[in-house]
Amino acid sequence: MTTGAMREIVFFDVETTAPSAAGRWWLLEFGAILVCPRKLVEVGSYDTLIRPGDLSVAVTRRFTDVEAIAAAPPFKDVADKIFDILDGRVWAGHNIQRFDCPRIREAFADIGRPAPEPAGVIDSLNVLAAEFGRRAGDLKMATLATYFGIGKQKHRSLDDARMNLEVLKHCATVLLLESSLPDVLRTQQARQADGAAVTRRMAAHRATVTTAAPATITVTSSSSSTTAPPKHVQHHRTGVLSQTKLPFTPVRHQAPPRPAAPATAPAPTATPTPCGKRNSLGKVVPRAVAQQAAAAPLSTSTSRRPVTATAATTPFHMILRHSRAILR
């Protein structure tokens, strides 16, 4: 193959039957264009219908002309031409790595011939997914063509190959302009591309917060009733309650009350015994009362009457009165 042919990119597309029960696909059409990689202009094209090995599966929603399919050549008659177009060139197409390339290799395997090998593969689906994103909504060829106003996809091999090239031109132009002014154009494009996704994420977040919001706790006291914020709000606001004016009355955390000391049984009270002293009425003073009065320290507290040394001692006239009472 010549050096000039090596520099060309071949955009191609295949149309097939629906898969059979055994998972077999039959080629119905092959179309390709040769593109100069420097000017991105078409320099050659080829397309052909292909008669499948089983005509009973030839009719699809895209191919209803059974007579045209029946009159088409079988794949072995066009295999040489397809091989010359594909072999040694850079292959390009939309989702060709997962669909078109395997169908070409299967067709050559059916006739017992080696399949053509590419110098490289450019899958526009992977390229656009990584660089252009879902600005058009999705990455289907029909969606992208409508987004750029190119036209409606016809699902014919040669037309789809040419549409693929035009879609790549438009996407490359947008990316080139964005790279020249990334702070302006890229931001605007990102808003347009991600607007719907951001709206969905925000709606989902609001629904989650509404569903998972904790119940409001009301703290009631004898003087006022205060509504406490949720726990996660308390956690973040506890450190700034004294610095920030909040629209609600903050609930300050208080230390838990200390456990009450275990109750102890009262000490047994000793039965007072007479000590031989009498009070002003002549009654005998119990020993416990006398000892308590004698041992009470001097105090200046205002809560109890101060006890002096003279208060604990019986006055002389009292003793004299008691003595006279006894002698009588």
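Student: Hi! How many bridges join strand β1 to strand β4?
Tutor: Three bridges do, and the two strands, β1 at residues 9–16 and β4 at residues 90–93, run parallel. One of the pairs is Val 10 with its bridge partner Trp 91 in β4. Two strands count as paired if DSSP finds at least two bridges between them. Helices (H or I, at least four residues) and strands (E, at least two) are DSSP runs, numbered from the N terminus.

Student: Before we go on, what kind of model is this?
Tutor: This is a predicted model, where local features need pLDDT of at least 70 and side-chain atom pairs count only at pLDDT 80 or more, while totals for chains, interfaces and linings use all residues. Residues are numbered from 1 along each chain as its sequence is written, and side-chain values use heavy atoms, with hydrogens and water left out.

Student: Okay, back to the sheet. What is the strand order?
Tutor: The order is β3-β2-β1-β4-β5, in an open sheet of five strands with mixed pairing. The edges are β3 (42–49) and β5 (120–123); each has a single partner strand, so one side of each is left without a neighbour in the sheet. On average, neighbouring strands are turned by 20 degrees against each other, direction ignored. For angles like that, axes are lines fitted to C-alpha atoms (for helices, over the stretch in contact), and angles run from 0 to 180 degrees between N-to-C directions.

Student: Is β1 buried or exposed?
Tutor: Eight of its eight residues are buried. Buried means under 20% relative accessible area, exposed over 50%, and partly exposed in between (1.4 Å probe, protein chains only). Both faces are covered: Ile 9, Phe 11, Asp 13 and Glu 15 sit on one side, with Val 10, Phe 12, Val 14 and Thr 16 on the other.

Student: Which strands does α7 lie across?
Tutor: Helix α7 (residues 157–180) lies across β1, β2 (27–35), β3 and β4, running at about 40 degrees to β2.

Student: Changing topic: which residues of α3 are buried?
Tutor: In helix α3 (residues 75–86) they are Phe 75, Val 78, Ala 79, Ile 82, Ile 85 and Leu 86. Seen down the axis, they fall within an arc of 135 degrees, so they line one face of the helix; the arc is that of the directions from the helix axis to the C-beta atoms. Their cover includes β1, β2, β3, β4 and α4.

Student: What does α4 do in the chain path?
Tutor: The chain crosses from β4 through α4 (residues 96–110) to β5, and this β-α-β crossover is right-handed. That means that, with the strands pointing away from the viewer, the path from the first strand over the helix to the second runs clockwise. Four bridges join β4 to β5, which run parallel.

Student: Last one: how many helices and strands are there in the protein?
Tutor: There are 11 helices and nine strands, and buried residues make up 25% of the 328 residues.

Terms used
Contact means heavy atoms within 4.5 Å.
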